[in-house]
Each structure stands twice: as C-alpha cells, then as structure tokens.
Amino acid sequence: MENIEHMYNIMRASDAGMFPYDLTEALVESIYRGTNSVHRASAIEWITKIMSKDSAELRDTSVRIFDLFVTQSFSESPNILYDACWTVFAAAASMILASKLHHSQNPIKATQFNKFKTEDILFFERMIVMRIGGRISPHTTPAYFLDTLVPLCEDIIDGKVLADRANALVGEFMEDPRYLLFAPSTIAVSAIIVSLSDLQVCGTPFINRLPDFFFFASDELPFFRPCDLKDNYLDCQRCVRLMEQLPSIRSMTKTISPVAVNCESVLG
C-alpha cells in the first residue's frame, strides 16, 4: 500500500494546483467543437503513433502538455485550433518537452520533424514553457497511475496483459475531448475496470483493494469535491461508461460481466 499512499500525495498536489484540470464540460465543448475537435483528434493520433515506440508515460505526458497549452491559449485566441499548422507545431513541441521530462534514452528533437523549420518548433517549445512550465509533471498521467494500480490485479490476471490493454484503452479515450474532464487517476482506475470486463475477468478484488478516496468525497479530503454535471474530475462511474462506448469495446459482443456489476454497486 506504500505506492498507493505515494499516489495519494501526488493526487493532493495535483488538485492543489501543480497540475489542475478543473475544466467544465461546457468549456470543453466550447473549445473542442467542429473543426477544433477534428484537429485535436488528429494531433493526439499523431502523438500516439510517434510515441508508440516509447513508453505510455511519454505519450500521456505529451498529450497533457498539449492539452494544457491549448486550453491556456484558447483563452487568448478562441479560434486558435482552426489553424492546423499551429496544432501540429504545438503537438511536436509537446513531445519534445515530454521526452526531456522523462529523460528518454532516445529523446525527440526538433530536427526529426524535417518537414518543419526547426526554429518554429523551438519557438513553440519556449512558448509552452513560458505559459505552463510550472504545471508540467511526468507524475500526473494515467500511465503513471496504471504502473501503480496494475500490480493490485496480478493475482487475478497477468500484469502485462492488463497493462497493455488498459494503456491501449487510455490511448483510444484520449482522442475524445471529454478525456480532459477526468483526473489521471480516475482514467487509470476506469481503464482497468473496463479492461478487466473486456478480458472477462472478475474485477471485484481490484475494486475492493482501492482506497475509498478513489470513489467518495470525504471531510478529510476537502480538495475532492462531490461530482455533478460540471465536475467529473473523480467520477469513475461516468468515465467507465464513456470508455464502454469506445469502438474497440463496443465491437466486442459479450454479456454483462461480474466486474460491470460490481462497478455499479461500488460506484453507484
């Protein structure tokens, strides 16, 4: 449980302001609609493809840097995402910064994007650091939390099988702008729950081993607010339901599994 307590402290720091993600659903819909949504999905797909040779944490950090930068820039220029070139430069710079944060053995460099001018990408890198530099952390991503949570399931399923499925599910969910509404830990927990269901493994032991703060508000944890329509940050139940609508899950024809039933009983 030591890792769980460490993760708890990271979640506190995250919600306190180190990496706040307090977007409302209305704001997300206003930013990512129409062409904006298409450009974001394309950028996330591009990041995922390039980062497929590296760790899931690099991918997740790149996406979070990109999304933070976009939301910060949107307040100044609401039509910023209509510019496809701007989106590409922002995605490229986000990947470069992520590889530096994770001290990657094969860091991504501006010179790798030979279709673009190096100075343009470096300009975006500097702009990202100036706008959100203090709010970038490699330890506030779904992949980071998955590394801690997956071992809780190793007596019911092979850890690598579960980690691969959950990380693939997170990558698919990232392309949906509603991904931005949830805490990284919420996404990680939900990805495991849905993955266990998809793999036809009873997830009751996993759910029972999670600390209550994953699901319930507490007077001792005032920074965890009860969820409502405008506050999905810790709403595992809704996150699970959204993930269940992803194409890779919907394409699987299956009856309701034990983990789905227990998810409803615990989260409902």
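Which residues in α4 meet which residues in α6? I65, L68, F69, Q72 and S73 of α4 are the ones that touch F124, M127, I128, R131 and I132 of α6. Keep in mind as you look around that this is a predicted model. The protein chain has 13 helices and zero strands, and 54% of its 268 residues count as buried.

**The overall picture**

- If you walk along the sequence, you pass through the pattern α-α-α-α-α-α-α-α-α-α-α-α-α.
- Take the contacts in the protein chain with a separation of 6 or more: residues 24 or more positions apart account for 80% of them.
- G171 belongs to helix α8, which covers residues 159–174.
- G171 has a relative accessibility of 8%, so it counts as buried, the cut-off being under 20%.

**How α4 and α6 pack**

- Helix α4 spans residues 56–74 and helix α6 spans residues 118–132, and their axes lie 10 Å apart.
- The angle between α4 and α6 is about 75°, and because angles of 65 to 115 degrees count as roughly perpendicular, that is the label this pair gets.
- Sort the residues of this α4 and α6 contact by type and you get seven nonpolar, two polar and one charged.

**How α7 and α8 pack**

- Helix α7 runs over residues 142–149, and its axis comes within 11 Å of the axis of α8, with a crossing of roughly 160°.
- Angles over 145 degrees count as roughly antiparallel, so α7 and α8 are described that way.
- The crossing of α7 and α8 is right-handed.
- On the α7 side, the contact is made by P142, A143 and L146, while α8 brings in A166, N167 and V170.
- The residues of the contact of α7 with α8 split into five nonpolar, one polar and no charged.

**Aromatic rings**

- The structure has 10 aromatic pairs.
- One of them joins F173 and F182, with ring centres 6.2 Å apart and planes at 40°.
- Why is the F173 and F182 pair called tilted? Planes under 30 degrees apart would be stacked and planes over 60 would be edge-to-face, so an angle of 40° leaves this pair as tilted.
- F173 is buried, with a relative accessibility of 0%.
- F182 is buried too, and its relative accessible area is 0%.
- There's also a cluster linked by ring pairs, made of F69, W86, F89, F116, F123 and F124.
- Two names in that cluster, F69 and F124, turn up again in the contact of α4 with α6, F69 in α4 and F124 in α6.

- Where is Q200 placed? Q200 sits in the loop between α9 (184–198) and α10 (204–209).
- Most residues other than glycine have a negative phi.
- Q200 has a positive phi of about 60°, although it is not a glycine.

Note on methods
Residues are numbered from 1 along each chain as its sequence is written. This is a predicted model: local features need pLDDT of at least 70, side-chain atom pairs count only at pLDDT 80 or more; totals for chains, interfaces and linings use all residues. Side-chain values use heavy atoms; hydrogens and water are left out. Rings of Phe, Tyr and Trp (its six-membered ring) pair if their centres lie within 6.5 Å; planes under 30 degrees apart count as stacked, over 60 as edge-to-face and the rest as tilted. Buried means under 20% relative accessible area, exposed over 50%, partly exposed in between (1.4 Å probe, protein chains only). Helices (H or I, at least four residues) and strands (E, at least two) are DSSP runs, numbered from the N terminus. Axes are lines fitted to C-alpha atoms, for helices over the stretch in contact, and angles run from 0 to 180 degrees between N-to-C directions. Angles under 35 degrees count as roughly parallel, over 145 as roughly antiparallel, 65 to 115 as roughly perpendicular and the rest as oblique. A crossing is left-handed if the near helix is turned anticlockwise from the far one by less than a right angle, and right-handed if clockwise. Contact means heavy atoms within 4.5 Å. Ala, Val, Leu, Ile, Met, Phe, Trp, Tyr, Cys and Pro count as nonpolar, Asp, Glu, Lys and Arg as charged, and the others, Gly among them, as polar.
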